[in-house]
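This report describes one protein chain, part by part. Keep the sequence and the structure in view while reading.

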Amino acid sequence: MLTLHHNTKFPAVYYKIEVLRGNTQHTCLRRYSQFLYLSNKIHVTTEKDTVHKRQLPPKTGPFHRDSPEFLEERMEGLYQFLMDVLLRPECVNNTWVEAFLELGGSDENL
């Protein structure tokens with residue numbers, strides 16, 4: 001599940017990702033730039049270009065980038081991108097995907 005999370009300390013939009021793996025559940029916060037970083041890393045590290053088939057939504061839109069409508073649309077696009085990645089067999093044990101979802105205990109590379 002992906003939801004919007006506004007950080008009051010920093011003027012940025014974070015997306016809250018709820019991760020369920022086996023009986024373990026946790027959440028992680030990600031910015032758009034981290035989705036872009038993951039997209040670039042997956043494109044480079046996988047053998048099949050089909051992983052990059054679904055494009056990320058735009059970083060900014062024709063209207064104010066903080067408008068609720070734009071943020072909702074972008075969130076839906078990021079969700080679709082993430083689901084596309086997670087359903088691809090070549091991404092199942094990908095180290096970048098695991099780091100992005102904080103499955104390995106460290107996300108220092110993101």
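Cysteine 91 is buried, with a relative accessible area of 3%. Buried means under 20% relative accessible area, exposed means over 50%, and partly exposed is in between, using a 1.4 Å probe and protein chains only. Cysteine 28 is buried too, at a relative accessible area of 2%. The structure holds 0 disulfides, a disulfide being counted as a pair of cysteine sulfur atoms within 2.5 Å. In general, a disulfide is a covalent bond between the sulfur atoms of two cysteines.

## The model and its confidence

This is a predicted model, in which local features need pLDDT of at least 70 and side-chain atom pairs count only at pLDDT 80 or more, while totals for chains, interfaces and linings use all residues. Residues are numbered from 1 along each chain as its sequence is written, and side-chain values use heavy atoms, with hydrogens and water left out.

The pLDDT is the predictor's confidence in each residue, from 0 to 100. Its mean over the protein is 78, and 69% of the residues reach 70 or more.

## Overall layout

The protein has 3 helices and 3 strands. Helices (H or I, at least four residues) and strands (E, at least two) are DSSP runs, numbered from the N terminus. Along the sequence they follow the pattern β-β-β-α-α-α.

Of the 110 residues in the protein, 35% are buried. A contact means heavy atoms within 4.5 Å. Among contacts with a separation of 6 or more, 50% come from residues 24 or more positions apart.

## The hairpin

Strands β2 and β3 (residues 24–30) pair in the antiparallel sense over 7 bridges. Two strands are said to pair if DSSP finds at least two bridges between them. Lysine 16 stands opposite leucine 29 in β3, and the bridge partner of leucine 20 in β3 is glutamine 25.

The hairpin of β2 and β3 has 2 residues between the strands, and glycine 22 takes a positive phi near 65 degrees there. A positive phi is also found in a residue other than glycine: glutamate 102 has a phi near 60 degrees. Most residues other than glycine have a negative phi. Glutamate 102 is in the segment after α3 and is partly exposed, with a relative accessible area of 28%.

## The nonpolar core

Which residues have the most contacts inside the largest nonpolar core? They are Tyr15, Ile17, Phe35, Leu38, Val97, Phe100 and Leu101, in a core of 22 residues. At least two residues of this core come from each of β2 (12–21), α1 (32–45), α2 (68–86) and α3 (95–100). The largest share, 7 residues, is supplied by α2. A nonpolar core is a set of buried Ala, Val, Leu, Ile, Met, Phe, Trp, Tyr and Cys residues joined through side-chain atoms within 4.5 Å.

Leucine 38 is in contact with Phe81, Trp96, Val97 and Phe100, leaving aside its neighbours within four places in sequence. Phenylalanine 35 is in helix α1 and is buried, with a relative accessible area of 0%. Its C-alpha atom is separated by 8.4 Å from that of leucine 82, 47 residues apart along the chain.

## The helices

Helix α2 has 19 residues and reaches 27 Å from its first C-alpha to its last, close to the 27 Å expected at 1.5 Å a residue. The expected span of a helix is 1.5 Å times one less than its number of residues. The buried residues of α2 are Phe70, Leu71, Arg74, Met75, Gly77, Leu78, Phe81, Leu82, Asp84 and Val85.

Isoleucine 42 lies in helix α1. Is isoleucine 42 buried or exposed? Isoleucine 42 is buried, with a relative accessible area of 1%. Isoleucine 42 and valine 85 are 43 residues apart in sequence and 8.8 Å apart in space, C-alpha to C-alpha. Lysine 41 is also found in helix α1, but lysine 41 counts as partly exposed at 27% relative accessibility. Between lysine 41 and threonine 95 the C-alpha to C-alpha distance is 9.8 Å, with the two 54 residues apart in sequence.
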